[in-house]
Amino acid sequence: MRKVAIIGGGYAGMAASVELAAAGVSVTVFEAGKVLGGRARRVDRANRSTANDSPLDNGQHLVIGAYSELLRLMQHCGVDLEAAFLRQPMRLQVEPDFLLACPALPAPLHLAVGLIRAKGLSWAERWALIRTIEVSKWRRWRLRQDMTVVQWLAQQRQPASLIAKFWSPLTLAALNTPLELASAQVLLNVLRDSLGGRRAASDLMLPKVDFSALFPDPAARFVQNKNGYIQLGHRVKRLDSNTHGWCVDGNEQESFSAVICAVPPHQAASLLQPFPELAALAGQLATWPYQPIVTVYLQYAADVQLSTPMLGLADAYSQWVFDRGVTHEQHGLIAVVISAQGLHSGLSHDELALAVQAELHQQLGLPDLVLRQQVITEKRATFACTPDLVRPSNQTAMAGLFLAGDFTAGLAGKDRGEYPATLEGAVRSGVNAARLALKYLAKE
Ligand SMILES: Cc1cc2nc3c(=O)[nH]c(=O)nc-3n(C[C@H](O)[C@H](O)[C@H](O)COP(=O)(O)OP(=O)(O)OC[C@H]3O[C@@H](n4cnc5c(N)ncnc54)[C@H](O)[C@@H]3O)c2cc1C
């Protein structure tokens with residue numbers, strides 16, 4: 001039987017494994033961690049006070065209706081989407097006074113009505129926003145030349161107040177890159193496929209379960225039911241290619257016809273570096289630029305809640321605030337996301353938690369008493385999504401070796417990626433790598 005090794009059990013690796021297992025290929029997933037999910041995974045609470053303390057995520061994530069491949073694969077693995085998500089039409093509320101809510105009307109009416117009715121905008125700001133969205137749509141969301149978001153917003157003559165209320169929270173959430181470094185073209189791609197797409201594509205989908213349970217765990221069950229293997233706690237240190245195919249960590253007893261390397265760039269670099277054919281690629285991946293994300297969890301008394309499951313704060317450390325009581329039945333637990341490097345980067349975890357706590361008290365009226373706190377910093381949360389970033393394809397120069405991950409360009413032959421680092425980008429990359437591996441196996 002044809003066998004494929006998948007290194008890395010994040011969203012890309014698990015998507016590849018489902019796609020291959022569904023095609024009748026025997027899959028073995030090697031995952032260094034104790035749980036599946038990689039950068040979107042379940043973590044235990046620090047200082048668990050009771051055995052019933054339900055787990056957290058390494059970072060609060062958001063899914064949108066445009067994540068078609070992730071949603072397709074989840075359903076393929078038997079996940080009930082209704083049960084997995086709290087789904088609601090697009091609603092961007094940024095305190096103190098901005099609200100863009102798209103009503104449940106067919107596209108493009110949902111966006112037009114949403115923009116016309118947006119709250120907290122002067123007529124000049126509203127006109128500047130509508131003009132920029134309409135002109136971008138008319139230009140099919142393409143720029144002649146990529147540039148930073150700051151340059152593009154200046155070109156579009158967007159007022160500073162509108163940038164603070166709308167463009168800054170949106171860009172940080174979508175690209176996890178400061179506006180002065182972020183790619184305007186990738187931001188436009190995101191707008192095209194969300195606000196500019198079908199109405200359902202802009203829906204906000206807040207997971208009700210942790211991020212390992214959302215897709216990687218059901219994917220593992222799917223793979224195991226198709227005679228595949230999941231090896232947790234196995235960090236692959238070496239890949240070898242020989243006349244029988246590929247072997248992992250010098251184990252010549254077991255050969256694989258192909259390998260999909262679905263680990264982040266800096267880790268892929270050390271696995272690829274021994275192969276002279278891949279020296280340039282390994283060099284590029286070794287110096288890959290990243291951006292961090294911090295999630296501050298604040299546990300209040302169980303009756304504390306937000307007015308809405310998710311809202312933003314303008315001009316604050318706290319960018320997006322989530323009420324896990326609504327989604328995860330973790331009553332009184334508030335998750336605050338701070339994307340990309342910024343002023344907060346110089347603060348210790350305790351200092352940041354205190355500052356966030358004060359903001360939520362002053363701006364949202366939450367109590368100033370917090371029962372417990374936990375701050376999780378992911379230093380390499382996503383790649384820095386900069387203009388014209390050249391990204392590797394899923395295909396490598398070695399027969400039978402493929403790359404997958406949110407950082408790849410996606411379609412073979414293209415060296416610019418469509419998407420920022422997202423779950424959907426990772427899943428699409430995994431599916432694409434699996435399809436290339438299937439073509440390769442068919443030829444062999
Ligand atoms: C805090 C945070 C918030 C985010 N928010 C969002 C969001 O709201 N929406 C969104 O769409 N995206 C979000 N993202 C981005 C999203 O999580 C990533 O784009 C996606 O999870 C990347 O998946 P991946 O499979 O490409 O890589 P990874 O998740 O990094 O998976 C790689 C896996 O490989 C394993 N591994 C590494 N080396 C080895 C080895 N040698 N042997 C075996 N295994 C190995 C790792 O343990 C890991 O499990 C966020 C990311 C973070 C960190």
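Axes are lines fitted to C-alpha atoms, for helices over the stretch in contact, and angles run from 0 to 180 degrees between N-to-C directions. Helices (H or I, at least four residues) and strands (E, at least two) are DSSP runs, numbered from the N terminus.

I note that this is a predicted model, where local features need pLDDT of at least 70, side-chain atom pairs count only at pLDDT 80 or more, and totals for chains, interfaces and linings use all residues. Residues are numbered from 1 along each chain as its sequence is written, and side-chain values use heavy atoms, with hydrogens and water left out.

**Entry: α5 and α7.** I took helix α5 (residues 123-138) and helix α7 (residues 160-175) and found a crossing of roughly 55°, with the axes coming within 10 Å. The two are therefore oblique to each other. I then listed the contact (heavy atoms within 4.5 Å): E125, A128, L129 and T132 come from α5, and S161, L162, K165, F166 and W167 from α7. I sorted these residues into five nonpolar, two polar and two charged. My classes: Ala, Val, Leu, Ile, Met, Phe, Trp, Tyr, Cys and Pro are nonpolar, Asp, Glu, Lys and Arg charged, and the others, Gly among them, polar.

**Entry: α11 and α12.** Helix α11 (residues 265-272) packs on helix α12 (residues 279-286) at about 150°, with axes 7 Å apart. I therefore logged α11 and α12 as roughly antiparallel. α11 passes α12 in a left-handed crossing. On the α11 side I found P265, H266, A268, A269 and L272; on the α12 side, L281, A282, L285 and A286. This contact divides into eight nonpolar, one polar and no charged residues.

**Entry: cysteines.** I searched the whole structure for disulfides (cysteine sulfur atoms paired within 2.5 Å) and got zero. C102 is buried at 4% relative accessible area (buried is under 20%, exposed over 50%, partly exposed in between, with a 1.4 Å probe and protein chains only). C385 is buried too, at 2%.

**Entry: S393.** I placed S393 in the loop between β18 (372-383) and β19 (401-403). Is S393 buried or exposed? Its relative accessibility is 19%, so S393 counts as buried. I also checked its C-alpha against that of A409, 16 residues apart along the chain, and got 5.2 Å.

Notes: Angles under 35 degrees count as roughly parallel, over 145 as roughly antiparallel, 65 to 115 as roughly perpendicular and the rest as oblique. A crossing is left-handed if the near helix is turned anticlockwise from the far one by less than a right angle, and right-handed if clockwise.
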